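Please look at the sequence and structure first.

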Amino acid sequence: MRNAFAEEIARLAAEDSRVVVLSGDIGNRLFRGFKSVAGGRFLNCGVAEANMMGVAAGMALSGLRPFVYTIAPFATTRCLEQIRIDVCYHRAPVTIVGTGSGLSYAELGPTHHSCEDLAILRALPDMTVVAPGDAIELRCAVRAALRHDGPIYIRIGKKGEPDVHRTEPELRFGKAIRIREGRDACILSTGTMLPVAVGAAELLAAEGLSVGVESFHTIKPLDEERLEGLGRTCRLLVTLEEHSRIGGLGGAVSEWLAGAGREVEAKLVICGVDDAFMLEIGTQDYARRKFGLTPEAVAAKLRTGLGARRAM
């Protein structure tokens, strides 16, 4: 996904002289294409993320469109005060791109894990929170961010994530994208879990269960209209995210379900990371197996939630 971002932002920079990239001491080779078309608009701000966020806010308030890029926990929790006061308080059109989200950097330990960022940033006033499902959605989201008048957080993976879409979908912030229809249940996926959601739905389809998949690429604002429809037509809703089960997409949907006067029959199951640091060192695949974020584990939770047995 990071390669797709670098390519898309270089293309936009060639067309729009307002586009600036600020990097937190990473991506010097990644952004060679950007520097070839807009060399004076790439700034390596070093290991000084709080300062970088303040610089980005000043640029945005001066008419530029800065994209801040670094590893997800360093782009968010390390400089939360600057995001809150410098960016959100002024509604500055800064796009924060957190790469290597979730457990992408599992082998580097909890300092590089990012399983709280959605919860924290969606609590900030005027912040739009986006987690594209694949590189194709990411390209659409970057273009939409440039048109958006306000702060945005775009949470992306690292590299090698498979594409789900064959063609570019119509991506609008706050509107989910339907991947497949389903009558019995629906998986509401956000971020790089989208291929896992599709895999789980395919496993269950082989057993005769009809499971839909929706890409909830925007966690804030939430697509409440789509949720209303799904909650009335499906027996089970399952949220899926490489993020803590507290405060992310699952938390947002829970808050929506708790809203007064809603007549929703569907049960809700939240699939995400445990409320604990992952202290073992392993690959991202190992981390996903540990937290039940594989197609097989998600399918098992749906099977249980629907009261269905595995086909023999």
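C234 has a relative accessibility of 4%, so this residue counts as buried (buried means under 20% relative accessible area, exposed over 50% and partly exposed in between, with a 1.4 Å probe and protein chains only). The model is predicted: local features need pLDDT of at least 70, side-chain atom pairs count only at pLDDT 80 or more, and totals for chains, interfaces and linings use all residues. Residues are numbered from 1 along each chain as its sequence is written, and side-chain values use heavy atoms, with hydrogens and water left out.

**Cysteines**

- Searching the whole structure gives zero disulfides (a disulfide is a pair of cysteine sulfur atoms within 2.5 Å).
- C234 is in no disulfide, and the nearest cysteine sulfur belongs to C186, 5.3 Å away.
- C271 is in no disulfide either; its nearest cysteine sulfur is that of C186, at 13 Å.
- With a relative accessible area of 0%, C271 is buried.

**Helix 8 and helix 12**

- Helix 8 (residues 194–205) packs against helix 12 (residues 295–306) at an angle of about 55 degrees, and their axes are 8 Å apart.
- That angle makes helix 8 oblique to helix 12 (under 35 degrees is roughly parallel, over 145 roughly antiparallel, 65 to 115 roughly perpendicular, and the rest oblique).
- The two helices cross in a right-handed way (the near helix is turned clockwise from the far one by less than a right angle).
- Helix 8 contributes V196, G199, A200, L203 and L204 to the contact, and helix 12 contributes P295, E296, V298, A299, L302 and R303 (contact means heavy atoms within 4.5 Å).
- Helices are DSSP runs of H or I, at least four residues long, numbered from the N terminus; axes are lines fitted to C-alpha atoms over the stretch in contact, and angles run from 0 to 180 degrees between N-to-C directions.

**A201 in helix 8**

- A201 lies in helix 8, and its relative accessible area of 0% makes A201 buried.
- Apart from neighbours within four places in sequence, A201 is in contact with R180, I187, V211 and V213.
- L279 is 78 residues from A201 along the chain, and their C-alpha atoms are separated by 31 Å.

**Helix 1 and helix 7**

- Helix 1 (residues 2–15) and helix 7 (residues 135–147) pack at about 35 degrees, with 9 Å between their axes.
- The crossing of helix 1 and helix 7 is right-handed.
- On the helix 1 side, the residues that meet helix 7 include F5, I9 and L12; on the helix 7 side, they include L138, V142 and L146.
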